[in-house]
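I opened this notebook to keep a record of what I looked up, one topic at a time. The entries follow the order in which I checked them.

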Amino acid sequence: MPIDLNEHLKNKRQQSQNQQKENPEPKKDDGRNNNNWGGGNNWNNNRGGSDFSNFTNFVPSGKKLFIWIIIIALLVILIAQKPFVIVNSGEVGIKVHLGEYQKQPLEAGLHFFIPPIEHVIIVDTRVKTLHFTSNEDMERRNNQSIAQKVPIQVRDKLGLDVAIELTLKYQLDRSKVSDTIRDYTTLWDEVIIVPGILEVVGSVIGNYHAEELPSKRDEIANLIATNFQNKINAIRDKPVRLDSVELRKIILPPEVKNKIEQVQVAKQEAEKAKEEARALRERSQGKADAAIIEATGQAKANQLVSESLSSRLLELRQIEMQGKFNDALRENKDAQIFLTPGGSVPNIWVDSKNKRQNTAISQ
């Protein structure tokens with residue numbers, strides 16, 4: 001005898017309802033609702049998808065709902081703690097996992113970590129500049145790689161206070177950043193650089209008197225740079241590379257400064273007096289040399305003239321002079337000529353017409 005399907009489904013639904021009344025405890029939702037398999041109108045409504053019961057099938061209940069709430073809350077907390085970090089160029093990141101520093105640094109880029117058990121330390125590995133000066137560095141305000149401190153206060157050989165202004169440039173070794181931060185923390189330069197340079201400057205300046213510091217500036221600068229380089233190289237694993245040490249200014253006590261200025265003024269005046277004396281001596285020597293040169297020239301001229309006055313030349317000169325007198329006698333018949341002994345010149349010309357007029361002719 002064939003079984004009517006609708007009748008069968010109706011009996012099954014009735015049995016299910018009776019069981020729910022006898023046992024009111026909720027059953028596990030296995031994703032299948034008997035109502036979905038009901039006959040007649042329920043079957044058609046479920047197929048159309050417009051029944052509200054379809055939505056309730058996907059809503060967790062009891063323990064499932066609690067677990068979902070916990071998961072969502074954890075996700076919200078995790079996102080709020082930003083489980084990622086961006087490392088910029090010129091920096092490295094050090095991942096610390098449960099207090100252990102990872103050896104391999106994180107290079108530039110985006111990196112993820114687990115906030116409760118991990119965190120990342122960003123370390124600047126660019127060249128850092130440290131100024132020990134009283135002047136405000138405008139560039140430092142916009143550059144985290146530039147730091148400034150007050151001048152270094154030290155004492156000279158006699159215990160006088162001296163201030164030193166200098167500039168340091170240094171850089172972390174990228175391959176040793178993790179160990180450096182682990183051993184010296186992120187304030188590594190305050191542990192390595194600052195105490196080291198203070199010690200070196202103090203030991204160098206302590207070997208000089210304050211008044212001789214300006215004149216030995218280059219020597220002092222070389223000593224500070226060399227001694228500080230040796231101190232940095234002596235650190236285990238050499239985590240820092242020193243680029244330069246520049247001595248900028250030596251600030252002396254006022255009394256020493258005034259004394260040096262007085263000595264400088266005295267030296268300048270003494271040097272000026274020496275220059276004036278040297279100039280006067282050179283002028284006098286010049287005049288003496290000029291006189292000697294003139295006398296020497298005159299003597300040479302006289303010597304040349306003396307050497308040129310031979311007997312034949314003198315006879316020629318006498319003949320020429322006698323010719324001139326003969327010409328004169330032709331014009332003046334009354335003139336008288338007296339020859340000197342030997343017939344040498346000059347001769348004496350006497351005009352007999354005018355007794356007062358005597359003429360000496362010399363050649």
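The notes below go from the whole chain to single strands, helices and charged pairs.

**Entry 1: the whole chain**

I noted at the outset that this is a predicted model. I then looked up the secondary structure and found nine helices and 13 strands in the protein chain. Of its 363 residues, 25% count as buried, and the accessible surface comes to about 26200 Å², of which 54% belongs to carbon and sulfur atoms. For the contacts with a separation of 6 or more, I found that residues 24 or more positions apart account for 59%.

**Entry 2: strand β6**

I then looked for the neighbours of β6. With strand β9 (residues 161-172) the pairing is antiparallel and is made by five bridges, and I found T167 in β9 as the bridge partner of H131. With strand β7 (residues 146-149) the pairing is parallel, over four bridges, and here F132 stands opposite K149.

I counted salt bridges next, and the structure holds 15. Side chains of opposite charge can pair when their charged atoms come close. One of the pairs is D189 with K128, where the closest N and O atoms are 3.0 Å apart. This pair links distant parts of the chain, since D189 is in helix α6 (residues 188-205) and K128 is in strand β6, 61 residues apart. Are its two partners buried or exposed? D189 has a relative accessibility of 12% and counts as buried, and K128, with a relative accessible area of 16%, is buried as well; the cut-off that I applied for buried is under 20%.

Another pair is E190 with K149, again with the closest N and O atoms 3.0 Å apart. It also links distant parts of the chain, with E190 in helix α6 and K149 in strand β7, 41 residues apart. Here I found E190 partly exposed, with a relative accessible area of 38%, and K149 partly exposed, with 26%.

I stayed with helix α6 to check its length. At 1.5 Å a residue, its 18 residues should span 26 Å, and the end C-alpha atoms are 26 Å apart, which agrees. I also listed the buried residues of α6, which include W188, D189, I192, I193, G196, I197, V200 and V204.

**Entry 3: a salt-bridge network**

I looked up R236 and found a salt bridge with D183, the closest N and O atoms being 3.5 Å apart. R236 lies in the loop between α7 (217-233) and β10 (240-251), whereas D183 is in helix α5 (residues 177-184), so the pair ties together parts that are 53 residues apart in sequence. R236 is exposed, with a relative accessible area of 57%, while D183, at 36% relative accessibility, counts as partly exposed.

**Entry 4: an open sheet**

I then traced an open sheet of three strands, with the order β3-β2-β5 and antiparallel pairing. β3 (100-101) and β5 (118-124) stand at the edges, each with a single partner strand, so one side of each is left without a neighbour in the sheet. Strand β2 (residues 91-97) is joined to β5 by seven bridges, and in β5 the bridge partner of V96 is H119.

**Entry 5: a nonpolar patch**

Last, I asked which residues form a nonpolar patch on the surface. The patch is made of F66, I67, W68, I70, I71, I72, L74, L75, V76 and I77, which together have about 1000 Å² of accessible area. I picked out F66, which is found in helix α4 (residues 63-80); F66 is exposed, with a relative accessible area of 55%.

Terms used: Residues are numbered from 1 along each chain as its sequence is written. This is a predicted model: local features need pLDDT of at least 70, side-chain atom pairs count only at pLDDT 80 or more; totals for chains, interfaces and linings use all residues. Side-chain values use heavy atoms; hydrogens and water are left out. Two strands pair if DSSP finds at least two bridges between them. Helices (H or I, at least four residues) and strands (E, at least two) are DSSP runs, numbered from the N terminus. Patches are made of residues with over 30% relative accessible area and no salt bridge: like charges are joined within 9 Å, nonpolar side chains (Val, Leu, Ile, Met, Phe, Trp, Tyr) within 5 Å. Accessible areas come from the Shrake-Rupley method with a 1.4 Å probe; for residues, only the protein chains shown count as cover. A salt bridge is a side-chain nitrogen of Lys or Arg within 4 Å of a carboxyl oxygen of Asp or Glu. Buried means under 20% relative accessible area, exposed over 50%, partly exposed in between (1.4 Å probe, protein chains only). The expected span of a helix is 1.5 Å times one less than its number of residues. Contact means heavy atoms within 4.5 Å.
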